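Reader: I would like to learn how to read a model like this one. Could you walk me through it?

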Number of protein chains: 2
Amino acid sequence: MGVHKQRVAIIGSGNWGSAIAKIAGYNCARHTELFETRVNMYVYEEMVDGRKLTDIINTEHVNTKYLPHARLPENVVAVPSAEEAACDATLLVFVLPHQFILNVCKSLRNAIAPDAHAISMIKGVEVAEHEISIYADVIQDALGIPCAALSGANIANEVASGLFSETTVGYRPHQRRLAEYYVRLFDTPQFRVGMIEDVAGVSLCGALKNIVAVGAGFVDGLGWGGNAKAAIMRIGLMEMRRFSLEFFDNVKPETFTETSAGVADLITTCYGGRNRKCAEAFVKTRKPFNVLEAELLNGQKLQGTETAKDVYEFLEARGKVDEYPLFKTIYEISFKGLDPEKLTENL
Amino acid sequence: MGVHKQRVAIIGSGNWGSAIAKIAGYNCARHTELFETRVNMYVYEEMVDGRKLTDIINTEHVNTKYLPHARLPENVVAVPSAEEAACDATLLVFVLPHQFILNVCKSLRNAIAPDAHAISMIKGVEVAEHEISIYADVIQDALGIPCAALSGANIANEVASGLFSETTVGYRPHQRRLAEYYVRLFDTPQFRVGMIEDVAGVSLCGALKNIVAVGAGFVDGLGWGGNAKAAIMRIGLMEMRRFSLEFFDNVKPETFTETSAGVADLITTCYGGRNRKCAEAFVKTRKPFNVLEAELLNGQKLQGTETAKDVYEFLEARGKVDEYPLFKTIYEISFKGLDPEKLTENL
């Protein structure tokens, strides 16, 4: 039985992209029966201290700009062109900031091998005219190749430091064999990869948890304590699951309640992270979110409140806002002046 | 259709017992179509500042010893004899420290009404000769009346302060109507009561979560961060569920992943509480748990490590220790000198 070795390209090299390149490089070097050793990593070229970032990475094996405290394996090769990085790859790992995805996919469409396949590590959802799409579908449609998803309780710096984590690969129907490659590409003793046939569920967990984290941050700001926070998280997890089952196909309920992408990532996000933190500051300072984003995030948009707005508008267009009372209330507190004290009133 | 009003007695008056008496008293006073207004509360008599505790409660309506910052409704009446408190009750709420249960049940056996029924709020499990029993079954067997269970993410002082919480009533097969009384007895806008036909699952959640909290405390002591802690909690939740389904009848898997008694209480316990705290101190100081119990808990036994030991011996007697690698590892770190750094090695 012939086995063609997979050629891996990482499309993206930020904080999470570099952490995942470290793991993929390590595994491609040790699983030589499955993977070609060399791992291309597409790096958007920029100058760092007067040097090209690709040169720094390829000589010092550290992404000094986005992951300065971790060493990358020498078989990870920084390439300043996405097309060049991807052109002979069979396995494309997408880990770009979401605003760059469509343009990069456009540049790759005619560059990639026809039998290539992809996995998306991009959290969040794409919203256009009250339609919500997961990025695995966006990539799949743009490139015409199957795209899986990976998500989990994965704070990038902790993963890069070799601290214990789990994550979840969501794969398409009839692609279990392919999913096993993804597991082998990422699984290490310190980074445990589970898999489930549910691309949409895994992807939606990574987006919707941020709404719940805003609610958890409100509880922290209100000083309501551990019972209330756990209750918001539980109710939020149930709304995440119900929303996904109602509006997406092939979603498995257990993705939410049993996997790292589901309940575990929800926990890390509600106890750490910027969504929780900004929401706490919102309650304590009563400053609007755009002011807090300017002050605390250098003007970056907060994912949780953006997703709350997208989901609210999506539900409103379908007359279903009241069926998701926690999502609704988090949106109304964030943008409509509802008193945070009313967080639990309609649950 | 005749409806007999329920006469409620609370058997126990500690921190949690007093908090729950506050709620039951409030509901019996407002749901007069369902409950007699008076709620007896059995109080183990003791002298507090030269006065009987029952007198203090019945004149000042505060349990100055165990819940000093909350006012009890005046229809909650402290009674120094369990038999007298329970003798004409139809609905008995057990909320005693577990070491007193058997003796109190013995004294009640011939005192209670034959059509009485009970609900247990006692966390933990009874262990004798490598058999594990939930307290709802212990009470049911000792008194010969059906006994439900209530458990949830319920830090007593937060509940008593009127902060938002949820909880879960687990009821016996064919007792849904009775369970609705329990919901009405405890449900308030700030204390939301769900119900599920699963007494064993609800009870076991309240016991087994403490083992997982010890593991979460180890992660905190090791400084492994948020990913690892969420992973231990997820794996722990799955072992809790598997253990309960394997060894108890009529357990529902969703009790663990969907209810306040399950995932929500696990979260509060892994982020607050003495099990987490002592386990963190264990890793940082390397003092044995009996020393930490003396130093941090006034010599009280830590529930999480005790339950880890009980469960380990239960599994060992059945040759199943290796099927629960997290429970096993937490026990071995706690009592067998295993290095905490090996926490995830066999998962």
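**Reading the chain and its interface**

Author: Happy to! Let us start with the annotation: for chain A, the unreviewed UniProt entry lists residues 8–174 as "domain: Glycerol-3-phosphate dehydrogenase NAD-dependent N-terminal". In this predicted model, that span is 31% helix and 28% strand, and its end C-alpha atoms lie 22 Å apart.

Reader: What is the average pLDDT of chain A?

Author: pLDDT is the predictor's confidence in each residue, from 0 to 100. Chain A averages 96, with 99% of the residues scoring at least 70. The model also has an ipTM of 0.97 and a pTM of 0.97.

Reader: How many residues does the contact take from chain A and from chain B?

Author: Chain A gives 37 residues and chain B gives 37 residues. About 2900 Å² is buried between the two chains, and carbon and sulfur atoms give 57% of that area. On the chain A side, A:Phe164, A:Asn227 and A:Arg234 supply 24% of what chain A buries against chain B, more than any other three residues.

Reader: Which helix of chain A gives the most to the side that touches chain B?

Author: That is helix 9, with 12 residues. By class, this side of chain A holds 18 nonpolar, 12 polar and seven charged residues.

Technical notes. Residues numbered from 1 in each chain as written. Chains lettered and ligands numbered in written order. Predicted model: local features only at pLDDT ≥ 70, side-chain atom pairs only at ≥ 80, totals over all residues. Heavy atoms only, no water. UniProt positions renumbered as here; feature names shortened; annotations may be inferred. Helix = DSSP H or I, 4+ residues; strand = E, 2+ residues; numbered from the N terminus. Contact = heavy atoms within 4.5 Å. Buried area = accessible area lost by both parts, 1.4 Å probe. Nonpolar A, V, L, I, M, F, W, Y, C, P; charged D, E, K, R; others polar.
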